Amino acid sequence: MAANDSNTKQKGSTRAILKRAHVPETAQEDDDNPIKSILKKSKKPKLDSSVEEHSKAQQEPTQKLVSRIASQVTVVSDQKLTDSSSKVEKYPSQQRNKPILDNKQQSDVNQPNRNEDTSDVAKSKISPDKGVGSEKSRKEVKKEISASEKSGKYDKKGEKKDKEKVKKGKGTESKSSVDKKQSPIKSTSKKTIVKVEEEDEEIAAVQDPKVDKSRICPYLDTINRSVLDFDFEKLCSVSLSHINVYACLVCGKYFQGRGKMSHAYTHSVLESHHVYLNLQTQKFYCLPDNYQIIDSSLEDIIYVLNPTFTPEQIQQMDNNSKLSIAYDKTTYLPGIVGLNNIKANDYCNVVLQALSHVTPLRNYFLQESNYSVIKRPPGDQMCLLTQRFGELLRKLWNPRNFKAHVSPHEMLQAVVLCSKKKLQITQQGDAIDFLSWFLNAGHGALNGTRKLSSSIINKTFRGTMKVYTRKVLPVELSDEEKAKLMEQEEYKVRMDEMPWLYLTCDLPPPPLYPDEMRENIIPQIPFSVLLSKFNGINEKEYKTYKDSTMKRFEITQLPPYIIIYIKRFAKNYFITEKNPTIVNFPIKNVDFGDLLAPEIRAKHKCTTYDLMANIVHDGEPGPGKGTYRVHVLHKGTGKWYEMQDLHVIDILPQMIPLSESYIQIFELRRDIPNPTYGKSTEENVTMES
């Protein structure tokens, strides 16, 4: 009420001011801008300059007065607009050509009808903005809805009537059209927003969905898969940093960073090489635009970077005889892949090739989840050994390689680091030294203990034996003195049970001169003679500068895989000599049960072994003078292959025993049972007799 009184007072004051200024009042009360009409009627025809100046001087006070009036009028018009817009939003049908009301009538209009039932509108499901024509129609709708609620059903005819009445309400609303300049009417829909302003209908355009640049890259055809090599250490070629390294898929080089002023960004600008791969996250990016690329055609690159195998694929590897085709159209067998000799690491390559065909060891390291969970002390570097060996095995057995060879650079870096530079890749070492260190270090890196089942290395290669040791009595003593010494603990026989990873076989010394028939130029020895050292009966003398001891070895447990080391090199103070004796060994069906005692043999289900890897040393002894090569059996094809660094050829199995074997790996055959298994010693003696 107070607001309405103030509005009427301001209207009366503006009319009085307009009369004093002799400005004609506009006919319409609801005009939005009365200043325009005042200025239109105040226009005069053009006069001379003197008359014009005189008229301007007379009009200056009136213009000041008009400006003051305009400020007051704008305040009044703004209040009028807000009141009218609120009324239009509530009841648009009642705003058609309303006359100017006095204070009492205006207050009656502003006050809502308190007796009106607000639930009628809610029940009729017609919003107040729709504006149903009259109270009679509202009551009819209310009656129909109450009748339908009682019956529990909506009559179709009643629904039609409701729709017609709503349409009539819309018709009355259209008749009560409000001036468009007063307030813009917004009609919202799901997709567009319509705004009516100044008699122009503007429809806001629907924005197109954002184009995902990550799936559209015009530079994918610049990728050169023939130069991609993920075998080397992942270091930036400029800063030599291993943090946040990206591989350029155009030239194959490694660079650090992706942002501005980084080495990868600079390389992309200078060389126009745009596609990069993050070697850690395995995501592709386009530089210098710096957006991620997602394309299914790049999955082969990720698979070459980090090959993965399912348990089903791992189980079928020994049965697979299919050739794979590399990117350069060369064919190869997965697993029969050459290893690059960086400088003098051939002694490491042959051991890694042989171990890659040991089935339990290979299956364990092909799945990264088997060893990635193992916890090591903080700062421990031995975990690198298992990680790099697993990566190397997955690359060797990858059926989708871009090339038919693999470089063991990262593996050898881990060997040098973990061995504290005892093993080098720049100087040739001994293969048996590397093998023994690698098996023991890998066992420790897998948190292995003295238990035979504590790691995959122990389960595969670890056996046990009993070692009987006694001191040799001096020759110059008498029988009485020897008898007294035999009573001492030092000269009694001592038995120790110890585990072993490989068996060392000693070759007899070669003859100094050939005989008359010249048959001993290349001496030969049967394999069974070498193994007789471990039958628990034969003794071997070990001399020192102070005394000598006699030892005999009795094997108590055979592992699934037996490593035989044939000792060919003898070192003295001056030179290292090599024994060229050839060992005549069978390739299949070697029965190691003959070395066991009858009661121990009865505990083994199977004792027959087959040769599956043979490491050979050729040439003169000494670092850098000889070379290593390895013979490996591929179970899928049943063929033997000879690998020397990058050279891979197939070989006849009859040629293998003719070589100077250095290290051999035998695999247990579970299809040939032990005939004496589970029988007592008496039964075994009767069977032998």
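Select R601 to begin: R601 is buried, at a relative accessible area of 15%, where buried means under 20% relative accessible area, exposed over 50% and partly exposed in between (1.4 Å probe, protein chains only). The model is predicted, so that local features need pLDDT of at least 70 and side-chain atom pairs count only at pLDDT 80 or more, while totals for chains, interfaces and linings use all residues. Residues are numbered from 1 along each chain as its sequence is written, and side-chain values use heavy atoms, with hydrogens and water left out.

**From R601 to its partner**

D594 and R601 form a salt bridge whose closest N and O atoms lie 3.4 Å apart; the term denotes a side-chain nitrogen of Lys or Arg within 4 Å of a carboxyl oxygen of Asp or Glu. In contrast to the buried R601, D594 is exposed, with a relative accessible area of 55%. The structure holds 23 salt bridges.

**K471, E490 and the pair beside them in this tour**

Select K471 and E490. Their salt bridge brings the closest N and O atoms to 2.1 Å. It links distant parts of the chain, 19 residues apart: K471 belongs to strand 13 (residues 463-471), and E490 to the loop between helix 17 (479-486) and strand 14 (494-500). Helices (H or I, at least four residues) and strands (E, at least two) are DSSP runs, numbered from the N terminus. E490 is partly exposed, at 43% relative accessible area.

Then select R494 and D496, another salt bridge, with 3.4 Å between the closest N and O atoms. R494 counts as partly exposed at 46% relative accessibility, and D496 is partly exposed at 33%. Side chains of opposite charge can pair when their charged atoms come close.

**H634**

Move to H634, which is placed in strand 25 (residues 626-634). H634 counts as buried, at 3% relative accessibility. The side chains of H634 and T637 are joined by a polar contact of 3.2 Å; such a contact is a pair of N or O atoms within 3.5 Å, and within protein one must be able to donate a hydrogen and the other to accept it, with residues adjacent in sequence counting only if both atoms are side-chain atoms. Neighbours within four places in sequence aside, H634 is in contact (heavy atoms within 4.5 Å) with N320, L333, P334, I336, K639 and Y641.

**The nonpolar cores**

Select L355, L361, F365, F389, F434, L439 and F461, the residues with the most contacts inside the largest nonpolar core, which has 66 residues. Such a core is a set of buried Ala, Val, Leu, Ile, Met, Phe, Trp, Tyr and Cys residues joined through side-chain atoms within 4.5 Å. Helix 15 (residues 431-445) gives the most to this core, with eight residues. At least three residues come from each of domain 2 (306-447) and domain 3 (461-508 + 522-668), the bounds being taken from an automatic or database domain assignment.

Centre the view on L355. Not counting residues up to four places away in sequence, L355 touches L361, F389, L435, F438, L439 and F461. Another core of 34 residues lies apart from the largest one; select I600, I651, I656 and L668 among its members.

**The whole chain**

Finally, show the entire protein chain, with its 20 helices and 28 strands. Of its 689 residues, 38% count as buried.
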